[in-house]
Amino acid sequence: MSSKEDELSQELEEELDLNYKAPPQKSLQELIEADKEDASLAKYKESLLGNAISGGLVVEPNDPRKVIVKKLKLVTDDGPTMELDLTGDLCNLKSKNFVVKEGISYRIQIDFLVQREIVHGLKYLQKTYKSIAGIQKQVDKMTHMVGSYPPKEVPYSYLTPAEDAPSGMLARGNYNITSLFTDDDGKEHLKWDWSFEIKKDWS
C-alpha cells in the first residue's frame, strides 16, 4: 500500500468517535457455549445464528475472508438503481461512471457476506472529492455504524440513510469517492474507489 493510501485509510478511520470503546469480542464458539444450561437463551441464540450454530459456517471455502463485500448500489426514488460489482478487479470501477440527477434523494446499499465467525462493529466510511480549480478537494464525508453480524448463507444488505445530491451549476461535474468497509478491530475488509457525475438530468 502506498503512503498516500495509508494516509487516506488513517483519515477515514479518524472519522470514527475516538471515545468509542468496542465491547469485548467473543468468538462464535464462545457465544454458543455460554449459558448452555439456559434453554430459552439457547433457543434465542439458535434463532439469531441459524445454521451457524452448528459451527463456523463457510459459504465460500476458497475465500479465507470473514467479510466478503459483494455489491454497492446507488438507490434513488425516481431514477434507475445503479450497481457496482465489488468481487472483480477494483481498479476498473472508476471507469464505470454513474450519472446522478442533481438534487435527487439517494441512498447507498452495500451487500456483503459474513462467514466463518461473527463480525463485530462493522462500519462503512466514505469520502467524496471534487476537482476545484484543478485540485481534488474533499466536499463530503460519511460514517455509518453497520452493526455486528453472525455467519449467514446469503448476503446481508445495509442501506444508508437518504442523502440529497447537490444541485446548481457549480455542483455539476465529476465526483471521486473512496469507500471503506471496516470493523471494531480496524480490519480493512474492503476499500475501493469509484465515481459519479452530477448532471441536470439523468442523461
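Q: How many aromatic pairs does this predicted model hold?
A: The model is predicted. Rings of Phe, Tyr and Trp count as a pair if their centres lie within 6.5 Å. By this rule the count is 8 aromatic pairs.

Q: Are the rings of Tyr 175 and Phe 196 stacked, tilted or edge-to-face?
A: Their centres are 5.4 Å apart and their planes stand at 20°. Planes under 30 degrees apart count as stacked. The pair of Tyr 175 and Phe 196 is therefore stacked.

Q: How many residues apart are Tyr 175 and Phe 196?
A: Tyr 175 belongs to strand E9 (residues 173-182), while Phe 196 belongs to strand E10 (residues 190-199). The pair links distant parts of the chain, and its two members are 21 residues apart.

Q: Is Phe 196 buried or exposed?
A: Buried means under 20% relative accessible area. Phe 196 has 8% relative accessibility, so Phe 196 counts as buried.

Q: Are the rings of Trp 194 and Phe 196 stacked, tilted or edge-to-face?
A: The ring centres of Trp 194 and Phe 196 lie 6.1 Å apart, with the planes at 50°. Planes under 30 degrees apart count as stacked and over 60 as edge-to-face.

Q: Which residue lies over the face of Tyr 175?
A: Tyr 175 itself is buried, with a relative accessible area of 6%. At 5.6 Å from the ring centre, the residue over its face is Lys 130.

Terms used: Residues are numbered from 1 along each chain as its sequence is written. This is a predicted model: local features need pLDDT of at least 70, side-chain atom pairs count only at pLDDT 80 or more; totals for chains, interfaces and linings use all residues. Side-chain values use heavy atoms; hydrogens and water are left out. Rings of Phe, Tyr and Trp (its six-membered ring) pair if their centres lie within 6.5 Å; planes under 30 degrees apart count as stacked, over 60 as edge-to-face and the rest as tilted. Helices (H or I, at least four residues) and strands (E, at least two) are DSSP runs, numbered from the N terminus. Buried means under 20% relative accessible area, exposed over 50%, partly exposed in between (1.4 Å probe, protein chains only). A charge sits over a ring if NZ of Lys or CZ of Arg is within 6 Å of the ring centre and within 35 degrees of the ring normal.
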